[in-house]
Amino acid sequence: MSLPLGFSLLGWTGGLAAPAMLWALAAMAIPVAIHLLSRRRTTVMDWGAMQFLELGRRAQRKFQWSEWLLMAGRMGLLGLVALAAARPLLGPSNPGAAAPLSAPAAGTGMASGEPRDLVLVLDGSESMGRQVGDTTPRQRAIDWSRSLVKQLPEGSAVAVLDARELVRPLLDRLNYDRGLVDEALEKAPLPRGGSDLAAALSESFHILEGGRNARRDVVVVSDGRRSAWRPGESTRWALLHDLYSSAKSAGRPVPEIWVAMLGEPTDAQTGDAGLSPLVLDRGLVPAGLPLSIRTSVKNLGNADTERMAELFVDQVPVPGSVQRVGPIPAQGQVPLRFETVLKTPGSHRLSVRLRSAEDTLAANDQSETTVEAAEGLPVLLVDGMPGQGAFQGPTDFLRAALTPAEDAAPAVRAKTVPLPRLSAETVGDARVIVLAAATRLDTPQREAVEKVLAAGGGLLIVPGESLDPKFYGDEELLKKTGWLPASIGPSKGQLALRRGNPEVVAHLDPRSFSGSVMPAFGSGDDPPLARAGLFWYRQLEPVTDAVVLARLDTGDPWLIEKGLGHGRVAMLAGTLDARGGTLPANPDFVPWLHTLIFHLAEPGSATRVFQPGEAIRVELAEAAASATSAVTVRTPDGLATAGEWLSRGAGSEVRFRDSAEPGIYQIELPATVNRPGPVYVQVGSDAHEAEPGRLDEAESARLADGWPMHVESNPEALAGQILSVPGGGTRPIWRWLVLLALLGLCLEVLATRRLALSRGITVAGDRS
Amino acid sequence: MDTNSRPAPGNSPFDPSTLARYGRLELLSRLVVEGVMSGLHKSPFKGFSVEFAEHRQYGPGDEIRHIDWRAYGKTDRYFVKEFEEETNLRAYLVVDTSGSMGYAGRTASKLEHARQLAAALAYMMIKQRDAVGLATFDTEVRSLVPPRTAPGHFSVLCNTLERAEVGGETPLSQVLHKMAGRIQRRGFVIILSDGFDNLENLVSALRHLRHRKHEVLFLQVLAPEEEEFPFRSPVQFRNLERGDDLVRLDPAAVRKTYLEKFQAHCRGLAEQLRAMRADYHRVSTAVPPDQVLLNYLAARAGGSRSGEARV
C-alpha cells in the first residue's frame, strides 16, 4: 500500500495518514506572535542609573537566549502535537523481510502483526437467503466474517455494513470491541429485497476516513449476483473510482478492497421460481368491480419446476384463486393473471404467493403491491348541447354507463349539468370532469376545471360538432395553461341523424392501444372494441408532451392523454353517444369507460411506489385527531413504529421517514377514524433483484480494474490473503509523538519555573 | 521674624512642593528653614563672635544663657542679646546638574530636589552669617558663585539655582578635582549629587577635597525607583546623559543584578566618605526637603558625622 506524502530513506519508509492536519503546524507561530506582541508593548523610560544596568545587559542577553530557547521549545512542542495529529507512519522499506505476517489458519486466534481498520460489507439482497443444503449464503457470510474478525491483529477496528437497496450500518463506526462486532454480525437481519454494493463501498470509504490505523481494508461478502453489483451502471462505478482516486491524491490512506464471492452449487438440479412485481391496470379501482392483477413466474434454477400460486387480499387468501403454474422450464418465464373484486373501499394490500416447500429461495416467492378501491367516485358530466329526448344528448350514454339507475351503490356517482351551469359550486368534490360537446368555457369555469386538475383529478374532453375553434385552438390556452393534450382540427364523417343511415368512417385500431387503460381492451384475437365504428370524429394534433393511447384504423389519434401535475387530461376524437358511432352499444363500453374514469381520477401520488429511504408522505381525506399526533406504522418486518399524523386543511397527512426496508408499510389509524382498514404504502423492491445471473469473470475483472480490488471465490483463501498482506509495514508513531510532547510539556514547565526563579521573582516578592 | 508663630514642620499651610512649581526658590527655602528652625530647641549653628548688636525678645530655641538678666531686672521681661557674628565658615554648595539628575519617577526630579535642598541650606547658613558660594556643573563647572554673607547674596544664589538645567554626561570626579583646585581657602563643600560615577574616581576626587582641608558633606540624592527598581514589564531604558544609548531589558531579569550593584556602589561611597571623615547622607526625593533638613540637622547636632541613614 502506498502512503501519502511518503518518503523512503536509509531503508525506512514513512508517510502521514492525515496530512491535512499539517495545517495545525501553523500553531507554531503562536509563541512567536505572543513574543512580538509583548515586544510591541515595551515602554521607553529615561533613566539615569545606567551604569548599574551594564551587568544587566549581559544577564539580559543570557536570559534572552534562554527565552529564545524556551520559545523554540514551545514551538517544537506545538509542532509535535500537530505532527501527531497528522498521524505519521514509519516502517522498514522491506516489510516482508522485516516483519513477516503469516496467514493464520482459521480459528487459530488473533494474528500478530499490524492492526488495521476494516469495514465488512455483507450483501443483504434476498438471494443471500437462498437455502443451500442446511445453510444460506448469508449465514456463511456471517460465519466467515466472524472468523476473520477473530483473527485480526490486536488494535484493529471493524465496522459492519448491511448492503441493501439503502445501506444499513450494523456498526456504523470503526469499533475496537470484538464482542460488539460479533454481536452485530449475529443480529444481522434476514436478507430482503435488493442490494446496492456500489453505495456500500462508497459508505465504507467514508467510514474509513475516520480510521486511525495505517492499514485499511474493505471486505465485501456477496453471492455475486449481478443485481447487487450492477456492473451495467458504469457511471456509478466511475464515480466511485473518482472518490477513491481523489482520496488517494488528497493524501488520505486508501483501502484494499477484498471481495469474497460465495459460490453456488451448480450441479444440484433444482428449480427456483421467483415472482415478478405485480402489475395493476391502475392504482385506483372501483369497489365491487373486477380487478385484474398481472405478474409472471420466472424459473431461476437449472431444472423444470412447477408451483401453485395464490392471491391474498389484505393477507387473507382469496377463495378459488389458487392456480397451478408450470411446468416452467429452467430460466423460463410464465405469465400469471388473477382477477378479484375488492368489496370494500379503501387501501388494500394485494399479495401473490408461490406455495412450495422445496424452493431454495423463499424471499422471491411472494410479490406484493397496494391498491385503493373507491366507491361512489364523484364525476361531473358537463353537457354542452343537451339533447331533446332520451339519449339524445352527448352525456346521456355516459351517465347511464357510469351510474346505472338500478344500481343502489354505484362505483361512480355521475352528475350532469348543462355547460352554462358549470361553476366552482357545481364542480364540488368531483374528481373527474367530462366536458362533452362543450363549445367554450368562460374564465371562472376554466378556473374551476383547473382546480380539479391541480387537486390530482381528471378531465375528459369529448368533442362535439359545434366546438368554438377560437377557444380550443387558442394558442394561449394550449401553451399557457397547458391542459389541452391536442389541438383540434377539421372533422371527418357525418353525425347520425334521427332517421339517417350513417356511414362508418373509422374503427378503433387495437394494435395501437397503449398506456395503462387501453391494452386490457385490445388483447385477444377479436377484441370487442375493435368492432366499434365511428360515424364522425375530429382530427387531433397531439401537443409535444401528450401521449396517444389509441388510434383509429385511419391512423388518426382517438384517445390522447397528458399528465398535468398530479392530474390527468384525456381527449377523445369522437363522441360517446349514438350519433357519433356504435361505441355506446359495444360490450366493452361500460368497463372501458369505468377504467378510463378511474384512471383519470387516480391522483399521481395515490398509489405511488416510494423509494427505500425516501420519506413517506400520504395524504388522507380523514381529518387528523389533532394538529400533530402519532400513528402506528407497521414495517415490512412487522415492527410497530410511530409516524407523524398532521392536520392538512379538511384532511390530513401521514409522514414516516424510516423507510429503508422495501416492502409494504401499514399505517394504522385510530379506531375513531371512520375508515374500513389500514392504509398500505409500498416501498419499492429492487427491480434488479429480479434479474437473474451472477457476475461473469469479465464483469468481475472490469469491476476490479483500476483499483486494488481482489475478487476471490474461495473465502478461506481470501481470509489468508487479507491477513497475510503486509501492507507496507509502516506503523503509526503518533502515540510516541504524543508521549514526547507530554515529556516536552513537563520540561517546558520546569524550564519556565527555573527562568522565573532566576529572574528574581522571590526578590519581587520580598519587596511586596 | 517671629519663629513662635511658625507651625510645626509638615503642617505648613504653604506646601513647599506646591510652591516649587512657581520656581520661588527663595520663599520656599525660607519656609523650609523657618519651619525646621521652629521645631528645634537649640540653634544648631553657634556663632562665636560676641560684638553686641541689639536686644530682642526671648523665644523658644534661644539659649537661656543668652538672656540679658540685667534687662530682665529693668523691664521684667526676657530679652536675649544679639551679636554681630563674625564667621570664618565658607560654604560651597556643589549642585550636580548632569543628565542623570533629571530623572523624575513618581516624585519631582532629583535636580529639583537638590535645588530646593541647596537653597534651604544656603538660606540657613546666610541667616547665621556664614559665607555661602555655589557651583553647578554638568560636563563642566557651569557657574561658580563665590561665597558671601550679605543677605542679598541669597537671592543671587537662588537665581543661579533656578537657572540651572540638566545637561549631559558628567564625570563628577573631574568636576570635584577642579573645584578642589579652585577653592583656595579652607571651606565647607556640600555636594548634592546622585553620585553616579566611577566609585574609585569619585572617592579620589573627594579625597582631594579633604586633602585641601575642606569639610565635605555629600548629600546623595536618589529617586525611589533607582533604589527599588520596581519595574515589571519590559522597558526600554534611555540614558538621560546620552540620548542615543538605548537598552531594552526585561526588568525582572536584571533586577537582582541591578540592586546588588547599586547597593554596593552606595555602600562603597558611604564607607569611603566615613573613612575620610567626611559627612554622607542619602536623600530620597520621596522625602520632603524640610524633613531632610530636619533629619540632617538633628543628626548633626547629635554628632553624627556621616551615615547611610536616610535623611
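**A chat about strands and a chain contact**

Author: Let's start in β28(A), where A:L552 is the bridge partner of A:L508. This is a predicted model, in which local features need pLDDT of at least 70, side-chain atom pairs count only at pLDDT 80 or more, and totals for chains, interfaces and linings use all residues. Residues are numbered from 1 along each chain as its sequence is written, while chains are lettered from A and ligands numbered from 1 in the order in which they are written.

Reader: Hi! Do β25(A) and β28(A) pair in the parallel or antiparallel sense?

Author: Antiparallel: β25 (506–509) and β28 (547–552) of chain A pair over two bridges. Strands pair if DSSP finds at least two bridges between them; a strand is a DSSP run of E with at least two residues, a helix one of H or I with at least four, numbered from the N terminus.

Reader: And how many bridges join β28(A) to β29(A)?

Author: Four, and those strands run antiparallel. A:A550 has A:L559 in β29(A) as its bridge partner.

Reader: What do β28(A) and β29(A) form?

Author: A hairpin, with four residues between them. In the turn, A:G555 has a positive phi of about 95 degrees.

Reader: Which strand of chain B pairs with β3(A)?

Author: β8 (residues 235–239) of chain B, in the parallel sense over five bridges. There, A:W47 stands opposite B:N239.
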